[in-house]
Amino acid sequence: MATLNIVLIEPQIPQNTGNIARTCAATGARLHLVGPMGFQITDAKLKRAGLDYWHLLDIATYPDSASFFKQNSGPFYYFTTKAQRIYTEPSYPDGAYIVFGREDAGLPEELLIQNRDRCVRLPMISGARSLNLSNTVAVAVYEALRQWKFPELLNSGRLTRFDWDAAEPSQ
């Protein structure tokens with residue numbers, strides 16, 4: 001299976017991280033949490049937001065950004081409201097790292113200016129600061145997986161009380 005890496009640098013809100021963990025677990029993406037974080041990994045709010053998906057999660061933690069970048073080689077794509085390109089422009093390769101910053105501050109501008117060709121954004125109306133971090137991560141994950149044709153993910157579901165093939169068509 002192709003590998004997609006989601007990186008949260010200094011996340012501050014446990015519920016956001018829990019939601020992102022659930023997205024990663026449901027899609028097979030690997031979650032990288034880079035400290036310092038605004039909560040403990042054992043936080044009840046974090047666990048509650050991730051529901052019962054924790055056993056499906058592939059997660060790595062790092063004390064700081066320097067440790068993360070020393071241990072991982074990319075390619076990195078930086079999601080920021082300050083980018084000049086939109087998130088659908090790059091072709092995300094196997095092994096891509098999609099990087100997000102703090103909810104209240106985003107990624108450091110020093111990192112962004114050094115990687116301007118790998119900075120992307122979600123389009124928004126003028127005056128909107130940003131989308132919620134967990135929503136932005138979900139959009140990014142599914143764009144990369146769409147490009148890869150959703151490898152090893154189930155592309156159809158089943159009804160619990162009916163059979164799709166035997167059900168009467170709705171009017």
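Visitor: Is F76 buried or exposed?
Guide: F76 is buried, with a relative accessible area of 13%. Buried means under 20% relative accessible area, exposed over 50%, and partly exposed in between, with a 1.4 Å probe and protein chains only.

Visitor: Before going on, what kind of model is this?
Guide: This is a predicted model, in which local features need pLDDT of at least 70, side-chain atom pairs count only at pLDDT 80 or more, and totals for chains, interfaces and linings use all residues. Residues are numbered from 1 along each chain as its sequence is written, and side-chain values use heavy atoms, with hydrogens and water left out.

Visitor: Back to F76, then. Which strand does F76 lie in, and which residues does F76 touch?
Guide: F76 lies in strand β4. Helices (H or I, at least four residues) and strands (E, at least two) are DSSP runs, numbered from the N terminus. Leaving aside residues up to four places away in sequence, F76 touches F68, F69, Y97, V99 and R118. Contact here means heavy atoms within 4.5 Å.

Visitor: How far apart are F76 and Y92?
Guide: They are 16 residues apart in sequence, and their C-alpha atoms are 9.4 Å apart in space.

Visitor: Let us step back to the whole chain. How many helices and strands are there?
Guide: The protein chain has five helices and seven strands. Read from the N terminus, the elements run β-α-β-α-β-α-β-β-β-α-β-α.

Visitor: What are the overall dimensions, and what share of the residues is buried?
Guide: Along the principal axes, the C-alpha atoms fill a box of roughly 60 × 35 × 35 Å. Of the 171 residues in the protein chain, 40% are buried. Among contacts between residues at least 6 apart in sequence, 75% join residues at least 24 apart.

Visitor: Now helix α1. What span should α1 have, and what span does the model give?
Guide: Helix α1 covers residues 14–27, and at 1.5 Å a residue its 14 residues should span 20 Å; the end C-alpha atoms are 20 Å apart, which agrees. The expected span is 1.5 Å times one less than the number of residues.

Visitor: How many residues of α1 are buried?
Guide: α1 is mostly covered, with 10 of its 14 residues buried. Those residues are P14, N16, T17, G18, I20, A21, T23, C24, A25 and T27. Just after α1, G28 takes a positive phi of about 80°.

Visitor: How do α1 and α5 cross?
Guide: The axes of α1 and helix α5 (residues 133–147) come within 8 Å and cross at roughly 15°. Axes are lines fitted to C-alpha atoms, for helices over the stretch in contact, and angles run from 0 to 180 degrees between N-to-C directions. The two helices are therefore roughly parallel to each other, a label for angles under 35 degrees.

Visitor: Which residues of α1 and α5 meet?
Guide: From α1, N16, N19, I20, T23 and T27 meet L133, S134, V137, A138, V141, Y142 and L145 of α5. By class, this contact has seven nonpolar, five polar and no charged residues. Ala, Val, Leu, Ile, Met, Phe, Trp, Tyr, Cys and Pro count as nonpolar, Asp, Glu, Lys and Arg as charged, and the others, Gly among them, as polar.

Visitor: What do the buried residues of α5 pack against?
Guide: They pack against β1 (5–9), α1, β4 (76–79) and β6 (97–100). The buried residues of α5 include L133, V137, V141 and E143. α5 itself has 15 residues and reaches 21 Å from its first C-alpha to its last, close to the 21 Å expected.

Visitor: A change of topic: backbone geometry. Which peptide bonds are cis?
Guide: Most residues other than glycine have a negative phi, and most peptide bonds are trans. The bond from G35 to P36 is cis, with omega near 0°, and P36 lies in the loop between β2 (30–34) and α2 (44–50). The bond from G74 to P75 is also cis, with omega near 15°; P75 lies in the loop between α3 (65–71) and β4.

Visitor: What about phi in the segment after α5?
Guide: Just after α5, K149 takes a positive phi of about 65°. F150 has a positive phi of about 50° although it is not a glycine, and F150 is partly exposed, with a relative accessible area of 26%. E152 has a phi near 60° and counts as exposed at 63% relative accessibility.

Methods:
Parallel < 35°, antiparallel > 145°, perpendicular 65-115°, else oblique.
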